[in-house]
Amino acid sequence: MKTQRALTAMLCALHLIASPCAAAGLEVSAKQEDEQQQQQQQHPEKKPRVALALGGGGVRGAAHIGVLRVFREEGIPIDYIVGNSMGAVVGGLYCADVSLDKLQSVLSDGSLISAYLPHLLWCRILLQPFSKLVYLGRAKPYAGLVSGDKLKTIIDKLLPDSKLKTENLRTPFAAIAVSLIDGQAHVLSKGRIDDIVRASATIPMLLRPVPIDNHLYVDGGVRNNLPTNEARHSGAKVVISVEIDNDMKPVPPEHFTSFQAVFDRVVNATLEQLDEDKVNGADIVIRPELINIPILSKDKKYVEEAVKQGETAARKQLPRILALLKQAGIDRLPPATGSEAPHSGALKPNNQSPTENALPDS
């Protein structure tokens with residue numbers, strides 16, 4: 001409980017700092033839009049028909065599993081996924097042919113969240129002022145209470161090949177991460193899946209930033225928690241966004257008698273503000289009811305509830321989705337009964353390094 005309180009406090013500070021940046025609402029430049037249009041004209045066969053944007057929100061990201069499960073069962077084609085934080089974890093691993101059942105399992109058993117909630121977190125916080133002494137005479141690592149190696153190990157074990165790159169995926173995938181070097185949100189669309197996903201899901205101050213090329217990346221939620229505009233810029237005919245913010249319904253005063261309850265409320269309010277303008281570019285917005293589900297918890301019941309609410313919310317929007325697909329001339333896929341990704345097959349590793357496209361948050 002103490003570690004969760006400490007982490008919640010850190011998250012609150014992070015998002016309070018981030019909210020003024022998000023409110024600035026910088027748009028993608030005309031030059032970048034021209035470059036995207038030129039690329040689509042050069043590769044028209046790669047233009048997606050249906051793009052899916054998956055937002056961040058920790059354990060609440062299990063709702064994405066429920067949404068994807070309904071899409072598989074109903075034959076909803078997904079040609080491109082862009083995600084942030086837990087949305088990047090679920091979306092990226094799903095595109096890499098990791099089954100939805102396996103994704104749900106690593107969330108339910110607490111192994112994935114344990115990468116964020118190490119033992120003796122309070123001790124690590126108290127020892128931070130003495131870190132200079134610990135690394136005396138040695139190169140000091142990037143700041144973070146946890147190295148992030150455990151998160152990388154978990155991702156690598158889930159992948160069919162730990163060196164798998166996005167260029168080899170049959171369903172294109174990208175993740176949002178913020179560079180500490182230039183302060184901008186970047187779309188990471190090329191390189192190793194484990195690096196890209198980890199960069200997008202690295203909570204600053206808790207996990208150490210992830211170095212890719214000439215940047216140091218942290219969680220994209222600092223500036224762009226729900227990448228709807230990035231999905232729209234892919235050129236897709238239909239864009240679906242999944243917003244997993246905790247519904248800010250009124251609660252009684254006695255609810256706020258604990259330190260964690262107050263900070264959870266502040267973080268949720270900030271996330272809601274971050275995502276408020278990010279849903280405007282979507283044709284369909286799926287909003288699971290994730291009331292009282294915390295950002296980080298090892299409790300299985302929260303994962304199960306989030307998955308259930310994701311399924312319910314997806315089915316609620318199903319008639320509108322089917323109508324849009326018909327209007328756009330997009331055929332449904334044969335219903336699938338398994339939980340693996342829709343496009344399985346041989347994946348060819350290569351030696352390219354992770355690269356990115358810099359985008360101001362939009």
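**D97 is partly exposed, with a relative accessible area of 22%.** Here "buried" means under 20% relative accessible area, "exposed" means over 50%, and "partly exposed" is in between (1.4 Å probe, protein chains only). You are looking at a predicted model, where local features need a pLDDT of at least 70, side-chain atom pairs count only at pLDDT 80 or more, and totals for chains, interfaces and linings use all residues. Residues are numbered from 1 along each chain as its sequence is written, and side-chain values use heavy atoms, leaving out hydrogens and water. D97 sits in the loop between α4 and α5. For comparison, most residues other than glycine have a negative phi.

**M205 has a positive phi too, near 80 degrees.** Look for M205 in the loop between α9 (193–200) and β5 (210–212). M205 is partly exposed, with a relative accessible area of 43%.

**Helix α4 (residues 86–95) is largely enclosed by the rest of the structure, because 10 of its 10 residues are buried.** Helices (H or I, at least four residues) and strands (E, at least two) are DSSP runs, numbered from the N terminus. By that count, the chain holds 12 helices and nine strands. The buried residues of α4 include M86, V89, V90, L93 and Y94, along with the glycines G87, G91 and G92. D97, from the opening view, follows α4.

**I113 lies in the loop between α5 (100–108) and α6 (121–127).** Is I113 buried or exposed? I113 counts as buried because its relative accessibility is 0%. Contact means heavy atoms within 4.5 Å. Setting aside neighbours within four places in sequence, I113 is in contact with V59, M86, L107, L296, S297 and K298. One of these, S297, is 184 residues from I113 in sequence, but the two C-alpha atoms are 6.8 Å apart in space.

**Strand β7 (residues 238–242) pairs with strand β1 (residues 50–54), and the two run parallel.** Two strands pair if DSSP finds at least two bridges between them. Five bridges join β1 to β7, and three bridges join β7 to strand β8 (residues 284–286), again in the parallel sense. Which residue of β7 is the bridge partner of A53? That partner is S241, and S241 in turn has V285 as its bridge partner in β8. In a regular strand, side chains alternate between the two faces of the sheet. In β7, V238, I240 and V242 are buried on one side, while V239 and S241 are buried on the other. Five of the five residues of β7 are buried, so β7 is largely enclosed by the rest of the structure.

**V242, found in strand β7, is buried at 0% relative accessibility.** The C-alpha atoms of V242 and G55 are 6.2 Å apart, although the residues are 187 apart along the chain. Beyond its neighbours within four places in sequence, V242 has contacts that include L52, H64, V67, L226, I286 and P288.

**The largest nonpolar core has 75 residues.** A nonpolar core is a set of buried Ala, Val, Leu, Ile, Met, Phe, Trp, Tyr and Cys residues joined through side-chain atoms within 4.5 Å. Helix α12 (residues 300–327) gives the most to this core, with eight residues. F71 is among the residues with the most contacts inside the core. Not counting residues up to four places away in sequence, F71 touches L52, I76, I78, I240, I286, A314 and I321. Apart from this core lies another, of 18 residues, among them V82, I176, V218 and V285.

**Helix α2 (residues 30–42) has the lowest mean pLDDT among the elements of the chain, 42.** pLDDT is the predictor's confidence in each residue, from 0 to 100. Helix α4 has the highest mean, 98. Over residues 11–44 the pLDDT is below 50, and this stretch has 47 contacts in the model beyond near neighbours in sequence. Where pLDDT is low, the predicted coordinates should not be read in detail. Across the chain the average pLDDT is 79, and 68% of the residues score at least 70.
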